[in-house]
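Please have the sequence and the model open side by side.

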Amino acid sequence: MFDQEILKKIDAYLAENKQVILDEVAQLVEIPSVSHKSDEFGKPFGEECAKALGAVLEIGEKYGLTAQNYNNYCATLTMAGENPEQIGIIAHTDVVPATGEWHYDPFKVTYENGYMFGRGVADDKGPFIAALHAALCLKKIGLAPKHSLLFLLGGSEETGDDDIGYYLRSNPAPRFSFIPDTDFPVCCGEKGVIRCDLLSQPLDGNIVEMKGGTVKNSVADFAYVVLNDLTKEKLQGTIPDEFDLEDTEEGVKITAHGRGSHAAFPEGSVNAIYKLCDMLYKYDVVHGPQITAVKVIRDMLSDHYGKGLDIEMSDEPSGKLTHIGGMIDFQYKRLVLSVDIRYPVTVNDDDIMIRLIHRAFRSFFEIRNFTNTKPIYIPADQPEVKALNDVFNFVMGTNEGCYTTGGITYARQLPNAVGFGPRLLHGEPNPFQEQGRGGLHEPDECVKIDKFMETIKIYALSILKLDKIL
């Protein structure tokens, strides 16, 4: 498929620049760019997210790329070609919070046993650096693409805020784009995403505070409740030891710990909200009508595949619907559960909504803050999609086809865009024995270094291939 001399030159570039590449990943990881809404002028997603975009521009300018900041909503790096039509590489510089117990410093890259650890090495700072050096490699070996390359970096992808949309409102989208924010090979479809809050009726009882989770698109890895008529002494020996107890001025605080995971991939996770509600109901420590709402939430989160919400369904291209509870709060005597649903690409979303309304109404809950992001699907035989998939199989010596995901990427906001690696440990064992560690949105996020370097070769050859067929 490719001349051996080209492959040798790419390998030589990677060997010569390996430490520089890893250092640039570390430079970005050291910025704790967790996005949040900010009132500070010119920093819509906070100081650290602005700093991360600035670091990307600094890296790009160092290599002679044209850099532009779009008011810290997003940033671009452009490698101009003879053809002004663009091939887009769309990534993000924000990260999810570093919750849970980490063995390694989340905001400092650690190298151990052939892996690198740190928040963002896989999602999405590392993949951006890989794609950037794929382009730089081609330029260095005299094979710079004729099409212009546009690196578009968003500052708030994890929270779903308006980042690259800010760019697209005044600039055209690239002719074809790939998003290095999925697993290899080509992700040609993404499930629909419904998010909403489920609110109980105002209910009396002994709950004075209840919180869990940090973001709506991750399985809650902690949850706690404060009960005003109990003490640590009264509960010790009554409820399981795995729950933490602490006396506060308002009452006893009970904390449950779970195992977090991205909402698109809930398998193997343990939802701390479910765990807490299950215990509260089984051991009868919540009083009054509030216990009914606690049981409803427990039942809603009793599985990951829609059964608890009466919305079980699946299709052939994308498999089962999944759902998670990401956050819980207690407001004005109401329990508020944030739900994230990933539904199959061929499913009628009206059917889901009708079932969800019936489930909520039957349980005396209300639905608020409802959003619905439609699924996307591009046929696997589209020339650009086939080209990317062929390159991956050539480099890896495999024969894999395209796939769909429950994840949500920038591909939904762009015409003619697909996900294309390398977020997960493709074909490699997780270095941890325990589940819920090492992956995206998990403690000790990591990538295998030799696979990471191999990704740069895949991207370089993919850009060459796209340049020829567009």
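**A walk through the model**

Threonine 455 has its place in helix H10. Helices (H or I, at least four residues) and strands (E, at least two) are DSSP runs, numbered from the N terminus. This is a predicted model, in which local features need pLDDT of at least 70 and side-chain atom pairs count only at pLDDT 80 or more, while totals for chains, interfaces and linings use all residues. Residues are numbered from 1 along each chain as its sequence is written, and side-chain values use heavy atoms, with hydrogens and water left out.

Is threonine 455 buried or exposed? Threonine 455 is buried, with a relative accessible area of 4%. Here buried means under 20% relative accessible area, exposed means over 50%, and partly exposed is in between (1.4 Å probe, protein chains only). Leaving aside residues up to four places away in sequence, threonine 455 touches Ala130, Phe184 and Pro422; contact means heavy atoms within 4.5 Å. Aspartate 94 lies 361 residues from threonine 455 in sequence and 21 Å from it in space, C-alpha to C-alpha.

The expected span of a helix is 1.5 Å times one less than its number of residues. H10 is mostly covered, with 15 of its 21 residues buried.

Helix H3 covers residues 125-140. Its 16 residues should span 22 Å at 1.5 Å a residue, and its end C-alpha atoms are 22 Å apart, which agrees. H3 too is mostly covered: 14 of its 16 residues are buried. Glycine 142 follows H3 and has a positive phi, near 80°.

Helix H2 takes up residues 47-62. From its first C-alpha to its last, this helix of 16 residues reaches 23 Å, close to the 22 Å expected at 1.5 Å a residue. Which residues of H2 are buried? They are Cys49, Ala50, Ala52, Leu53, Ala55, Val56, Leu57, Ile59 and Gly60. The cover over these buried residues includes helix H1 (4-29) and helix H3, together with strands E1 (66-70), E2 (74-79) and E6 (147-154). After H2 comes glycine 64, with a positive phi near 85°.

The loops hold several backbone features. Where are cis peptide bonds found? One joins aspartate 123 and aspartate 124, with omega about 15°. Aspartate 124 is in the loop between strand E5 (115-117) and H3. Another cis peptide bond joins phenylalanine 184 and proline 185, with omega about -5°. Proline 185 lies in the loop between strand E7 (176-179) and strand E8 (186-190). Phe184 is also one of the residues that threonine 455 touches.

Two residues have a positive phi although they are not glycine: asparagine 71, at about 55°, and aspartate 310, at about 60°. Asparagine 71 lies in the loop between E1 and E2, and at 46% relative accessibility it counts as partly exposed. Aspartate 310 is in the loop between helix H7 (290-300) and strand E14 (314-315). This aspartate is partly exposed, with a relative accessible area of 35%.

Glycine 397 sits in the loop between helix H9 (383-396) and strand E20 (403-405). It is exposed, with a relative accessible area of 66%. Glycine 397 and lysine 333 are 64 residues apart in sequence, and their C-alpha atoms are 58 Å apart in space.

Now consider the whole chain. It contains ten helices and 22 strands. Its radius of gyration is 23 Å, close to the 23 Å that the globule rule gives for 470 residues, so the chain is as compact as a globular protein of that length. The radius is taken over C-alpha atoms, and the rule is 2.2 Å times the number of residues to the power 0.38. Along its principal axes, the C-alpha trace spans about 75 × 45 × 45 Å. Of the 470 residues, 58% count as buried. Among contacts with a separation of 6 or more, 75% are between residues 24 or more positions apart.
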